[in-house]
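Thanks for coming, everyone. Have the model open on your screens, and we'll walk through it piece by piece.

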Amino acid sequence: MRMVDLIQKKKTNRELTKAEINWIIKGYTERVIPDYQMSAFLMTVVFNGMTKAERLALTEAMIASGETIDLSSIEGIKVDKHSTGGVGDKTSLILGPLVASVGVPVAKMSGRGLGYTGGTIDKLESITNMKLELDMAQFIDQVNEIKLAIIGQSMDLAPADKYLYALRDVTATVDSVPLIASSIMSKKLAAGADAIVLDVKFGSGAFMKTLADARELAQAMVEIGRDAGRKVVAFLTDMNQPLGLAIGNALEVKEAIETLKGKGPEDLEALILQLATHMVVLAKKEMTTEEAFNLLKQQLKSGKAYEKFKEFIARQGGDLSQIEHPELLPTARNVIPVTAIESGYIKEIDALLIGIAAMNLGAGRKMKEDNIDMAVGITLHKKVGDQIIKGESLAYIHVNQQDYDEAMSLIIQAYKIQSTKIKAPTLIYEIIT
């Protein structure tokens, strides 16, 4: 085969075979195919898309480029969850222990964040001594014993995706549904779970800006998972305002603890219960969504989910006193209120601006090598639909540095206030099975 011929074939919108896609991915992973040819190929995909068969072949080729995780020695149906990311998205911190508390095994590999706030691993690292690297035997043993383990994602999972994403990032080829779907699903399928629940977010604070784009991506990922023999359900959820109230690593851990005690923000708990419900049903722990929802609601109310979180933290070496007394978690030196300049009702909170403000405070990374300040971030005092009085706090800035004027300005810009009442926005728009 010649790469130039395959570029021409895709340019003229003819379907590539599985063998041809395997050859492309193997050649690029082994650095035989040069960046300039792969860039040309990626651009043809952006313009012409991919068929279902091509998407599956691309995903499987990327899985085959590295190691796969065998979770067959873990008892029961293993479930995983993936979110496409957003501002204040701390769902994995809560979902893992909640689902594990009813006996469903959760063997999760998570990543770090770039932009906005940290990833799940960053957030867990705000807990002193938390160990997030386990060998595979320890990982599997822990899931069998307590039903939950969360570790950093192995660099050996789908290495082709790492190489491709780095190239896509500098060639304006990130925004392609087939490429996004195969990127996400290659890592999820390589991680070995039997069933996957996807939280595909859309809006100002998400990668997919519109409901239509999010639906297209969700459908593509569900189809890839189904064709690969896995059970997959996708949620389309709103990210036009931050999820919950806390944005920032230790702040989000504190909010996760409150939610696990049944005292979390209404929108966060509502989303968690729906995602967890489908994870439990996919694992065949309960046969109906109603039974699963009621069981999980009780786990939050009774404190059993919180106890499972403590068990998980202790098992991975974390300082349990910080979970029992969250005020011991990293805390910023200064908490500065951001006040409303007019009265009315909150019409909009631009999640992107809130995320950028938190990143500028040090809660996220502008570059991969940046360090995160675990203590800093933003807590919202008002959400869309709430009434506000001039001079009342919209949000609070948690900061260690002296310069927070830009963050304050971004938060004020993010809040749009109108004189008439407005309904709280819909959180979950659709479930795709």
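This is a predicted model: local features need pLDDT of at least 70, side-chain atom pairs count only at pLDDT 80 or more; totals for chains, interfaces and linings use all residues.

Is Ala193 buried or exposed? Its relative accessible area is 1%. Buried means under 20%, so Ala193 counts as buried.

What does Ala193 touch, beyond its neighbours within four places in sequence? Leu71, Lys78, Val79, Asp80, Lys188 and Arg230 are in contact with it. In sequence, Ala193 and Lys231 are 38 residues apart. In space, their C-alpha atoms are 9.3 Å apart.

Now step into β4 itself. Eight of its eight residues are buried, so the rest of the structure largely encloses β4. In a regular strand, side chains alternate between the two faces of the sheet. Here, Ala195, Val197, Asp199 and Lys201 point one way. Ile196, Leu198, Val200 and Phe202 point the other way. Both sets are buried.

Who pairs with β4? One partner is β1, residues 79–83, which runs parallel to β4 over five bridges. Within that pairing, Ser83 has Asp199 as its bridge partner. Another partner is β5, residues 231–238, also parallel, with eight bridges to β4. There, Val197 is bridged to Val233. Between β4 and β5 comes helix α10, residues 211–227, and the three make a right-handed β-α-β unit.

Next, the antiparallel sheets. One is open, has four strands, and reads β6-β9-β11-β7. Its edges are β6, residues 246–247, and β7, residues 334–339. Each has a single partner strand, so one side of each has no neighbour in the sheet. β6 pairs with β9, residues 377–380, through two bridges. Ile247 stands opposite Ile378 there. Helix α17 packs on this sheet and touches β7, β9 and β11. The direction of α17 makes about 35 degrees with that of β7.

Another open sheet has three strands, in the order β10-β8-β12, again antiparallel. Which strands stand at the edges? They are β10, residues 387–388, and β12, residues 415–418. Each has a single partner, so one side of each is left without a neighbour in the sheet. Two bridges join β8, residues 344–349, to β10.

Helix α2 covers residues 18–29. Its 12 residues reach 16 Å from first C-alpha to last, close to the 16 Å expected at 1.5 Å a residue. Its buried residues are Glu20, Ile21, Ile24, Ile25, Gly27, Tyr28 and Thr29. What do they pack against? The answer is α1, α3, α4 and α8. Just after α2, Arg31 takes a positive phi of about 65 degrees.

Then helix α14, residues 304–315. Buried in α14 are Ala305, Tyr306, Lys308, Phe309, Lys310, Phe312 and Ile313. After α14 comes Gly317, with a positive phi near 85 degrees.

That's the tour. Questions, please.

Notes. Residues are numbered from 1 along each chain as its sequence is written. Side-chain values use heavy atoms; hydrogens and water are left out. The expected span of a helix is 1.5 Å times one less than its number of residues. Buried means under 20% relative accessible area, exposed over 50%, partly exposed in between (1.4 Å probe, protein chains only). Two strands pair if DSSP finds at least two bridges between them. Contact means heavy atoms within 4.5 Å. Axes are lines fitted to C-alpha atoms, for helices over the stretch in contact, and angles run from 0 to 180 degrees between N-to-C directions. A crossover is right-handed if, with the strands pointing away from the viewer, the path from the first strand over the helix to the second runs clockwise.
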